[in-house]
Amino acid sequence: MYRSHSCGELRASDIKKEVTLSGWVQKTRDKGFMIWVDLRDRYGITQLIFDEERTPAPVVKKAKTLGREFVIQVKGTVIERESKNQKIPTGEIEILVNELTILNESIVPPFTIEDQTDGGEDIRMKYRYLDIRRNPVKNSLMFRHQVGMQVRNYLSNEGFIEVETPYLIKSTPEGARDFVVPSRMNEGQFYALPQSPQTFKQLLMVGGMDKYFQIVKCFRDEDLRADRQPEFTQIDCEMAFVEQEDILNIFEGLTRYLLLEIKGVNIGDFPRMTYDEAMRTYGNDKPDIRFEMKFGELNDIAQHKEFNVFNTAELVVGIAVPGGASYTRKEIDKLIDWVKRPQVGALGMVYVKCNEDGTYKSSVDKFYDQDDLAKWAEATGAKAGDLICVLSGPTNKVRAQLSALRMELAERLGLRNPEEFAPLWVVDFPLLEWDEETERYHAMHHPFTSPKPEDIALLDTRPGDVRANAYDLVLNGNEIGGGSIRIHDAATQALMFDHLGFTPEEAKAQFGFLMDAFQYGAPPHGGIAFGFDRLVAILGGQETIRDFIAFPKNNSGRDIMIDAPSNIDSEQLKELNIKLDL
């Protein structure tokens, strides 16, 4: 046995026991006649003592050679610790060592293996196997396991069956670029790695599996925005003989169950909001509703004056910042500079201070009187002591800009408490969205999303007004899940492909296997996919997913630990019949 106990297991009740421990040397303290060593494993830290009076001299001599991260095994007796450490569970005892075996030596690590390390992100990613030894990363990975187990418990108890689907599949146009894999046995042909198991889970419904789930890897070869990964994990789910309400109830239940089991938070029914309302009120389709600052549209009360900036704008909209009237001119100028950054792109910002005495002071006093500004306050919900921030411009652009400002202000004001959870369903998404570059409509979600039955007639005349039978689950301003009721008959699916610009031949080539399956009695079905990495991070009180992934990629999609992606040799290329043209 390398160990009889872990390094986090022994307590005062174990005093006088003979034990064997193994682990890594966290730190050593050599007082000459006495040496203390902190021994660490996944479970905790136990202090070892080497005493010249009670420990054999060769063992003490060997202990003096120990360095950080040496892997050792010790045998000894559990004794009461003289100077107790109440900060760790094993702090009342220590091990009086009588045998020491060095299992493996270590060179000096490139950063300290401590909760507060001196290593920057790049160096820690390069030596990720060392970073995992640190408590913050180790605990995040253990937390991820805990969430995964609870997901499986809930779905299994609801009658779901976990089914694995293939990773080497056919390339299909689902939005992002596919990662492609050349086939040596099929010359000149390629597999694709799945962006999601979408078609397979629908085929499982055709196969009668009824309730399917999978915690599955998905792959998208897209330019990485902040905190995205080219490979990510989904909780992928599908159900047969269901309507939207059935899906929402089951997966609202899953989220409520996780919040209770993992966080001890009990939440009632989740509010619901249409896509149009979310965009109008918060400027995006995944609003953080832990705080107010709802949008107030000002066109009717801010236009038709002499201020042409507003008169020529498609939308004039503002938010009320709690307590913001106390901001100095310098602080407000910094806010204006913030919204003018290229990442936000606003041309400027109008502000109104709502003074405690009921008067208003604005940057556009020349054009608007006190009665006008009082109407702005009413429209934005501003109270005495608040600041109104107003942006104007093209509707979609200005909503995105004000949404970014709202989130930035909430961060500065401490309104985004990671231990507070505010879930929300967003429903009634548009089925199609117009792409200026290709000058045609694309599916907002994917081509298998069912339109609302009452809107199908609009496909020919007003396709942009057709609503999808789709829904997103939002938690604390992050989309954690999204899904839809699927098209389950070949005629409607063919109609959808037609409106997406596929010829019958193209549709047959890309999705013929699914269309064929629909001819054999496909049941009504629908589902949802949760972003597992994001869900775990939010439940863990963070919004960065990297620490909850064992071996993440950087923002360029590189694994700097193993140096991937990398070149392959000419013989491999020749086997695959691939010629590089760089």
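**Exercise 1. At what angle do helix α13 and helix α14 pack, and how far apart are their axes?**

The model is predicted: local features need pLDDT of at least 70, side-chain atom pairs count only at pLDDT 80 or more, and totals for chains, interfaces and linings use all residues. Residues are numbered from 1 along each chain as its sequence is written, and side-chain values use heavy atoms, with hydrogens and water left out.

Step 1. Locate the elements. Helix α13 covers residues 490–499 and helix α14 covers residues 504–518. Helices are DSSP runs of H or I with at least four residues, strands are runs of E with at least two, and both are numbered from the N terminus.

Step 2. Read the geometry. The two helices pack at an angle of about 160°, with their axes 10 Å apart. Axes are lines fitted to C-alpha atoms, for helices over the stretch in contact, and angles run from 0 to 180 degrees between N-to-C directions.

Step 3. Classify the angle. α13 and α14 are therefore roughly antiparallel to each other (under 35 degrees is roughly parallel, over 145 roughly antiparallel, 65 to 115 roughly perpendicular, the rest oblique).

Step 4. List the contact residues. α13 contributes Ala490, Gln493, Ala494 and Phe497, and α14 contributes Ala507, Phe511, Met515 and Phe518; contact means heavy atoms within 4.5 Å.

**Exercise 2. Describe the open sheet and the place of β22 in it.**

Step 1. Write down the strand order. Eight strands form the sheet in the order β6-β9-β10-β22-β21-β20-β17-β11, and the pairing is mixed. Two strands pair if DSSP finds at least two bridges between them.

Step 2. Find the edges. β6 (161–162) and β11 (272–274) are the edge strands, each pairing on one side only.

Step 3. Examine the partners of β22. Strand β21 (residues 478–485) runs antiparallel to β22 (residues 525–531), and five bridges join them. Within this pair, Gly481 is the bridge partner of Phe530, and Ile485 is the bridge partner of Gly526. β10 also runs antiparallel to β22, with seven bridges between the two. Here Cys237 has Ile528 as its bridge partner.

Step 4. Check burial. Six of the seven residues of β22 are buried, so this strand is largely enclosed by the rest of the structure (buried means under 20% relative accessible area, exposed over 50%, partly exposed in between, with a 1.4 Å probe and protein chains only).

Step 5. Helix α6 (residues 244–263) lies across β10, β11, β17, β20, β21 and β22, and runs at about 30° to β22.

**Exercise 3. Is Asp51 buried or exposed?**

Step 1. Asp51 is in strand β3 (residues 44–51).

Step 2. Its relative accessibility is 5%, so Asp51 counts as buried.

Step 3. Leaving out residues up to four places away in sequence, Asp51 touches Phe33, Met34, Val60 and Leu96.

**Exercise 4. How many residues of helix α15 are buried?**

Step 1. Helix α15 spans residues 532–539, and eight of its eight residues are buried, so α15 is largely enclosed by the rest of the structure. Among them are Phe532, Asp533 and Arg534.

Step 2. Just after α15, Gly541 takes a positive phi of about 80°.

**Exercise 5. How many helices and strands does the protein have?**

Step 1. The protein has 16 helices and 22 strands.

Step 2. Of its 582 residues, 49% count as buried.
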